[in-house]
Amino acid sequence: SKATVSVLNCPLPHVPALPATMSQAPVAPKMGSLEVENFKPKEWNFGLFQCLAPGCVPCLYTWFCTPCANAQARTDYDQSNCFFNCLCVNPVMMQNIVREGLGIEGTCCNDILTACCCTPCAVGRASSELKLSNRQQQLKQPGQDGAEAWGSSLVPQPGMPCLYTCFCSPCANASSRSAYDDSNWTLNCCCASPALVRSVVREGYGIEGTWVNDCLCGCCCPLCSICQVQREIETRGPKKTTTPF
């Protein structure tokens, strides 16, 4: 009994407490299919109606030649062809691409409302943001080393994807880009043209070709172009998401 009492009265060994970083694992926000550490969406540095912030000349250029300023904004962002952007990229898609690429907080609804209701202001704000951030995404250009060919031809192949594209081409086109970069399906269905989706996927994968081919295939034969893009995404998989700047 004395032995039992002595055992009960002996002090327990001291166990050091775990640090806060080990006791609770931090949860990283997700972008697309990958987790990004220490990422917090930032706000626009310019207000929607701060048209004169970058100067009088850029403001007048945006107001009197909005399509050109819109095309130049996306070109400044990812070095895509300015003439292609003038023909195939509307202000809604330009603002969405720039906003998500720079990691600025917002939704696709905000992109649609601001770009449709006040187009020059939205284009001017995006242009000013790009000049401030000096962000240029390096993409593989056609003709560079490492450019690859399409995995399939433009001729459609029989099957359910082909039928889906024939009966609902806007939905199939939106599904293609959403599967590629996890972008908003509704926005793509309303605002993304087949030529734009083809260009984004082709440049993202480093596939050989030019913006002229994207325009011709997306405008003259959109169903075949959508089917080819779908097969390419199924073969190569979705785009790898990187940390925004």
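## Helix α13 and its buried residues

In helix α13 (residues 211–220), the buried residues are Asp214, Cys215, Cys217 and Gly218; buried means under 20% relative accessible area, exposed over 50%, and partly exposed in between, with a 1.4 Å probe and protein chains only. The model is predicted: local features need pLDDT of at least 70, side-chain atom pairs count only at pLDDT 80 or more, and totals for chains, interfaces and linings use all residues. Residues are numbered from 1 along each chain as its sequence is written, and side-chain values use heavy atoms, with hydrogens and water left out.

The buried residues of α13 pack against α5, α12 (194–205) and α14 (222–236). Asp214 lies in this helix and counts as buried because its relative accessibility is 1%. Apart from neighbours within four places in sequence, Asp214 is in contact (heavy atoms within 4.5 Å) with Phe84, Ala195, Arg198, Ser199 and Arg202.

## Overall architecture

The chain contains 14 helices and 2 strands. These elements are DSSP runs numbered from the N terminus, with H or I and at least four residues for helices, and E and at least two residues for strands. Of its 245 residues, 40% count as buried.

Among contacts in the chain with a separation of 6 or more, 70% are between residues 24 or more positions apart. The accessible surface of the chain is about 14000 Å², and carbon and sulfur atoms hold 63% of that area. Accessible areas come from the Shrake-Rupley method with a 1.4 Å probe; for residues, only the protein chains shown count as cover.

## Cysteines

The whole structure has 0 disulfides, a disulfide being a pair of cysteine sulfur atoms within 2.5 Å. For Cys217, the closest cysteine sulfur is that of Cys221, at 7.4 Å, which is too far for a bond. Cys217 is buried, with a relative accessible area of 15%. Cys171 is also buried, at 17%.

## Asn173 in α10

Asn173 belongs to helix α10 (residues 169–181) and is buried, with a relative accessible area of 3%. Asn173 and Ile226 are 53 residues apart in sequence, yet their C-alpha atoms are 5.9 Å apart in space. Beyond its neighbours within four places in sequence, Asn173 is in contact with Ala192, Ser193, Pro194, Val197 and Ile226.

## Ser80 between α4 and α5

Ser80 sits in the loop between α4 (66–78) and α5 (82–88).

The Ser80 side chain makes polar contacts with the side chains of Asp78 (2.7 Å) and Asn85 (2.9 Å). A polar contact is a pair of N or O atoms within 3.5 Å; within protein, one must be able to donate a hydrogen and the other to accept it, and residues adjacent in sequence count only if both atoms are side-chain atoms. With neighbours within four places in sequence set aside, Ser80 is in contact with Arg74, Thr75, Asn85 and Glu203.

## Second largest pocket

The second largest pocket holds about 240 Å³ of space. A pocket is an open set of points on a 1 Å grid over the protein atoms alone, where a 1.4 Å probe fits, with protein on both sides within 12 Å along at least five of seven lines; lining residues have an atom within 4 Å of a point. Grid points are joined across faces, edges and corners, and the volume is the space filled by probe spheres set on the points.

The lining of this pocket has 22 residues, with Pro58, Thr62, Gly124, Ser127 and Ser128 nearest its centre. At least two lining residues come from each of α3 (56–64), α4 and α8 (119–133). The most come from α8, which supplies 7 residues.
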